[in-house]
Amino acid sequence: MKIIACGSVPTAIAPEKYFTGRVWQTPIIEKEAPARLRAIMVSFEPGARTHWHTHPLGQTLYVISGAGLAQSWGEPVQAIRAGDVISFAPDEKHWHGAGPKSAMAHIAMQEALDDVHADWLEMVTDEQYGG
């Protein structure tokens, strides 16, 4: 058993090369091989969002507070809110973030394939976001 004490893992501002707006990331767990799980709590200020990206083995989000938006490539933007679980298939191009006027936080869970958890793509334009 391993206990990671509350407050022992620092929260960091998410890198601008992958996000638009102010976003904080608090690591929850990153398992060592042969396990592949990574989980992060991600908190978005209103209007903040990820860039388009994919995950080689898919991704699951659990919204823990607020309301936001998510979209898969070629599909309409969907509203997401606290309590929702969002599942993206392997290599499904998507983005997610806060609503235009509401903050949102979720737990992002994904597994690595050959040490790759995500492939980051272009930023989501204001027109795509719809904010």
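I began with Asp115, which counts as exposed because its relative accessible area is 74% (exposed is over 50%, buried under 20% and partly exposed in between, with a 1.4 Å probe and protein chains only). I placed Asp115 in the loop between strand 11 and strand 12, where strands are DSSP runs of E with at least two residues and helices are runs of H or I with at least four, numbered from the N terminus. Its phi is positive, about 65 degrees, although Asp115 is not a glycine.

This is a predicted model, in which local features need pLDDT of at least 70, side-chain atom pairs count only at pLDDT 80 or more, and totals for chains, interfaces and linings use all residues. Residues are numbered from 1 along each chain as its sequence is written, and side-chain values use heavy atoms, with hydrogens and water left out.

I then looked up Asp114, which lies in the loop between strand 11 and strand 12 (119-120) and is exposed, with a relative accessible area of 70%. The phi of Asp114 is near 55 degrees, a positive value in a residue other than glycine. I noted that most residues other than glycine have a negative phi.

Next I turned to His106, which sits in strand 11 and counts as buried because its relative accessibility is 0%. I found a polar contact of 3.1 Å between the side chains of His106 and His96 (a pair of N or O atoms within 3.5 Å; within protein, one must be able to donate a hydrogen and the other to accept it, and residues adjacent in sequence count only if both atoms are side-chain atoms). Not counting residues up to four places away in sequence, His106 touches several residues, among them Ile40, Phe44, Leu61 and Ile64, contact meaning heavy atoms within 4.5 Å.

My entry for Glu92 puts this residue in the loop between strand 9 (85-88) and strand 10 (94-98), and it counts as partly exposed at 25% relative accessibility. The side chain of Glu92 makes a polar contact of 2.5 Å with the side chain of Ser72, and, leaving aside neighbours within four places in sequence, Glu92 is in contact with His53, Thr54, Ser72 and Ser87.

Last, I checked the record: in an unreviewed entry, UniProt lists residues 41-97 for "domain: Cupin type-2", in the numbering used here, with feature names shortened and annotations that may be inferred rather than shown by experiment. Over residues 41-97 I read 0% helix and 60% strand, with the end C-alpha atoms 12 Å apart.
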